[in-house]
Amino acid sequence: MSDAPPQPPAGGWEPRDPTVQEPGGADAAPAPAEGRTPGRPDRPGTPPGREARSGRRAPRSGTGPEPGHGTPPGEGPAPGRAPDPAPDTGQAPGPGPVGHPTGRRAPGTGPGSGTGTGTGTGTGTGPGSGPGPGPTGPDRPREPKGRKRRRRTGWRRALPTWRMLLGGLLLLVLLLGGGFLAGYHLIEIPPPNAAATAQANVYLYADGSPLAQGGQVNRESVPLERVPRPFRQAVLAAEDRDFHTEPGVDPGALLRASWNTLTGKGTQGGSTITQQYVKNYYLGQERTITRKVKEFFIAIKLDRATSKDEILEGYLNTSYYGRNAYGAQAAAQAYFGKDVQDLDTAEGAYLASLLNAPSAYDVGARPANRPRAAARWNYVLDAMVQEGWLSRPDRDALEFPAVLPSHPTAGLAGQRGYAVQAVNTFLARHGVLTEKALAAGGYRITTTLRKDRVDAFAEAVKAQVLDRLDPQNNPTDQYVRVGGASIEPSTGKVVALYGGVDYTRQYVNNATRRDYQVGSTFKPFVLAAAVAQGAATQRGERITPNTVYDGTNKRPVQGWTGAAYAPANEDDASYGGIPLHTATDRSVNAVYAQLAVDVGPEKVRRTAIALGLPADTPDLTASPSIALGPATASVLDMAEAYATLANHGKRGLYSLVEKVERIDPAGDRELPLPAAGSDARQAVSRAAADTTTAVLRGVVEGGTGTAARAVGRPAAGKTGTAEEDKAAWFAGYTPDLATVVALMGQDPKTGAQKPLYGAMGLARVNGGGAPAEVWAHYTGTALDGTPARDFDLELPKGSEIKKKDERETEEGTEEETGERTEEAGAEDATGATAGDRPHPAEGPQAPQGPQAPPGTPAPARPATDTLVIE
């Protein structure tokens with residue numbers, strides 16, 4: 001390598017104009033750093049000799065150019081032209097001529113190297129090199145510092161970063177994907193389940209003897225070709241309109257149902273027809289996430305392995321339509337008495353409507369269902385129009401079809417069918433089994449019903465009511481219906497039910513229906529609320545059985561801020577000042593309306609619910625009229641409430657079922673269910689319950705319920721009559737048994753409620769007549785052979801009934817007959833009510849208040865009728 005200086009090119013060096021600055025020259029501005037706007041001047045005040053910052057550190061003193069940044073050997077500018085400016089790379093250029101701020105090398109040819117001194121000067125050596133000192137020492141540029149990441153403080157530290165979120169999302173996707181693959185490969189399509197083979201349910205009495213057998217499930221499978229196209233389209237319109245175009249699963253519905261199950265919100269619809277078919281035919285009706293997951297994967301595989309027509313055919317043949325009818329053919333026969341291929345569009349749309357909730361839309365079994373059934377039917381037809389399966393003119397021409405009445409099977413004749421119906425309702429209400437699962441069969445159900453007591457109830461009704469009817473000569477007798485229920489207060493077990501004359505002749509269960517007013521049998525709940533709440537009269541006197549009230553007919557209630565209310569007593573009788581216990585004996589409406597206001601109608605309502613009435617009981621409204629019994633609780637509801645009073649105010653679960661077993665060839669499996677008497681709690685205080693019992697004993701001993709004394713043991717009870725004598729009630733109990741009996745008037749053809757005037761040859765029917773007589777007959781038979789027990793009452797101070805009632809001698813004749821009458825106890829359309837029908841007492845009326853004397857002495861009763869509790 002030669003050390004000779006570079007030779008000038010031919011023609012000599014090109015002269016340089018000192019006023020023109022070349023790129024990279026000594027006076028050139030420093031290259032802009034990365035991220036800075038080119039041409040931006042340096043900040044003022046930069047010390048002399050300091051360089052503008054660049055994206056790269058200058059070479060240290062005493063060293064040559066950094067590797068890769070000097071001019072390679074033999075590479076220099078072409079002769080006769082200045083070197084090209086360095087490209088903007090964001091890095092500092094290599095060393096250059098002395099004092100050059102950028103440190104670029106002077107033009108030269110050939111390879112070379114240079115060294116710098118501590119003073120910032122140096123000489124280059126080697127061929128084609130020249131002076132090339134670079135800035136060193138204190139004048140070299142500072143290394144730029146990277147921007148530091150700001151630390152998160154405070155609440156921001158609790159938030160996940162985007163990296164964490166992304167990582168979590170990727171992990172979730174991997175888990176879901178892996179779970180899907182595992183489920184798809186592990187879950188196979190199983191054989192049909194046992195429910196699809198139509199087993200029967202077996203119902204047993206408490207002692208294990210047979211009660212009833214549901215019979216084989218009514219199913220007849222038919223090919224899809226026999227099902228009319230409009231019927232098929234109606235089913236798709238109601239259940240899954242995208243069946244033919246969408247996959248067999250709905251992931252959204254699966255997630256929704258799973259979430260509802262986890263959070264205890266029950267089930268929610270949305271499954272496809274394929275999923276419903278899988279549930280009906282391959283799995284079961286269990287409400288679990290496991291079943292939902294299996295249903296999901298089986299539906300996917302089935303949708304891939306089976307045609308849509310095959311799935312639809314299976315769905316139509318396995319779906320439940322109510323009336324124990326499984327499949328389209330059985331449903332067509334059950335509701336229209338024809339084969340499925342003969343159904344028209346209106347009939348097919350009705351059957352499609354039933355798939356959503358058969359019992360809610362069966363107008364043949366329950367005429368009251370017609371409005372909701374018509375709404376569902378219209379919904380299905382409108383959906384068919386929207387999908388183009390039915391023209392608007394054809395849809396407008398359709399009329400709601402005529403549905404056949406329900407005809408129960410002969411195997412449920414007598415009281416058996418009513419018992420089975422009540423048991424099924426109990427199981428469904430408590431979430432033990434669904435209606436569809438029960439209809440599919442395969443369960444052994446042991447009830448709490450005792451055969452001897454069921455038979456005793458039927459015998460009592462026959463002797464006291466049915467044998468006295470003559471419908472051929474007395475048209476009113478054909479309206480008479482009887483319902484009854486009996487409960488053991490100490491155990492909470494329902495031991496007897498009476499639902500009607502025969503399940504195959506009168507389908508509606510009179511023991512569980514909720515459409516007749518309970519009348520004055522509600523009044524004990526008002527009295528119990530008064531004692532439990534420590535209520536006081538409008539004058540501030542604490543209410544006890546001895547508190548004197550004003551029994552004037554149509555007396556407006558005081559202290560009520562709502563509309564004026566002045567209920568009438570029966571026969572417009574006025575009683576003046578009358579003790580509360582006597583007003584209970586005679587069921588005086590004016591007194592109990594005021595008592596409800598003194599206690600507070602809402603408190604009365606809550607007390608009734610606590611004792612046993614359902615919160616959704618129709619017409620259970622917080623107003624003064626609540627005391628007169630416009631609510632339409634069932635006979636079984638009222639029996640539960642009176643059993644709570646008999647049990648000193650303690651209420652547990654009242655049960656109809658002892659045990660439920662799933663019949664399985666591999667071994668019967670017992671299902672969990674709530675036990676009778678479980679979750680016992682004090683519904684009202686013992687003092688309130690026992691005080692009410694003490695007062696109700698007077699009703700039996702000398703009030704409107706004296707016919708119940710025929711039971712021959714201590715008893716308490718209350719009579720009641722519905723508006724216009726459409727129902728008559730007696731609710732009573734001994735320490736061992738609480739029983740409620742009701743007579744109801746109903747037209748057998750139209751189902752309309754009818755008055756009972758003239759029934760059984762009587763001018764009027766009241767609770768103290770046939771209902772009390774049935775009660776005494778049944779209770780005496782049911783408890784025959786058991787010792788008579790007296791009530792163990794704990795009464796608060798001041799609640800002892802001390803005043804003896806004196807009755808006028810002219811009433812003696814009626815005493816001998818034992819007849820007492822009581823109120824209608826329910827509001828009429830004008831807001832007035834018909835009261836109890838006691839015999840009016842004449843004499844001056846006294847205002848309400850503790851000092852008001854009782855009215856003119858009422859009809860006298862024997863000393864044995866007087867209840868004195870010390």
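**Strands and helices**

A: Strand β3 (residues 202–204) and strand β7 (residues 443–447) pair in the parallel sense over three bridges, where two strands pair if DSSP finds at least two bridges between them. Tyr203 stands opposite Ile445 in β7. This is a predicted model, in which local features need pLDDT of at least 70 and side-chain atom pairs count only at pLDDT 80 or more, whereas totals for chains, interfaces and linings use all residues. Residues are numbered from 1 along each chain as its sequence is written, and side-chain values use heavy atoms, with hydrogens and water left out.

Q: Which sheet has β3 and β7 in its order?
A: They belong to an open sheet of five strands in the order β4-β3-β7-β13-β14, with mixed pairing. β4 (210–213) and β14 (669–671) are at the edges with a single partner strand each, so one side of each has no neighbour in the sheet. Neighbouring strands in this sheet are turned by 25° against each other on average, direction ignored, with axes taken as lines fitted to C-alpha atoms (for helices over the stretch in contact) and angles running from 0 to 180 degrees between N-to-C directions.

Q: How many helices and strands does the protein chain have?
A: The protein chain has 22 helices and 18 strands, which are DSSP runs numbered from the N terminus (helices H or I with at least four residues, strands E with at least two). Of its 870 residues, 49% count as buried, buried being under 20% relative accessible area, exposed over 50% and partly exposed in between (1.4 Å probe, protein chains only). Among contacts with a separation of 6 or more, residues 24 or more positions apart account for 71%, a contact being heavy atoms within 4.5 Å.

Q: Switching to β17, how many of its residues are buried?
A: Seven of the seven residues of β17 (residues 727–733) are buried. Ala727, Trp729, Ala731 and Tyr733 are covered on one side, and Ala728, Phe730 and Gly732 on the other. As background, side chains in a regular strand alternate between the two faces of the sheet.

Q: And what does β17 pair with?
A: Strand β16 (residues 716–721) runs antiparallel to β17 and is joined to it by six bridges, with Thr721 having Ala728 as its bridge partner. Those two strands form a hairpin with five residues between them, and Glu724 in the turn has a positive phi of about 60°. β17 also pairs in the antiparallel sense with strand β18 (residues 738–745) over seven bridges, where Ala731 stands opposite Val740, and that hairpin has four residues between its strands.

Q: What about β9, how many of its residues are buried?
A: Five of the five residues of β9 (residues 494–498) are buried, so this strand is largely enclosed by the rest of the structure. Strand β8 (residues 480–487) pairs with β9 in the antiparallel sense over four bridges, and Ile487 has Val494 as its bridge partner. The β8 and β9 hairpin has six residues between the strands, with Gly492 in the turn showing a positive phi of about 80°.

Q: On to helices: at what angle do α2 and α10 pack?
A: Helix α2 (residues 229–239) and helix α10 (residues 370–386) pack at about 105°, with their axes 8 Å apart. That makes α2 roughly perpendicular to α10, a label for angles of 65 to 115 degrees, where under 35 is roughly parallel, over 145 roughly antiparallel and the rest oblique.

Q: Which residues meet there?
A: Pro230, Gln233, Ala234, Ala237, Ala238 and Glu239 in α2 meet Arg376, Val380, Ala383 and Met384 in α10. The residues of this contact divide into seven nonpolar, one polar and two charged, counting Ala, Val, Leu, Ile, Met, Phe, Trp, Tyr, Cys and Pro as nonpolar, Asp, Glu, Lys and Arg as charged, and the others, Gly among them, as polar.

Q: Which helices do the buried residues of α8 pack against?
A: They pack against α2, α7 (328–336), α9 (358–361) and α10. Ten of the ten residues of α8 (residues 345–354) are buried, so this helix is largely enclosed by the rest of the structure. At the start of α8, a side-chain oxygen of Asp344 reaches to within 3.2 Å of the backbone nitrogen of Ala346.

Q: And Asp394, where does that lie?
A: Asp394 lies in helix α11 (residues 392–396) and counts as partly exposed at 47% relative accessibility. A polar contact of 2.9 Å joins the side chains of Asp394 and Ser391, meaning a pair of N or O atoms within 3.5 Å; within protein, one must be able to donate a hydrogen and the other to accept it, and residues adjacent in sequence count only if both atoms are side-chain atoms.
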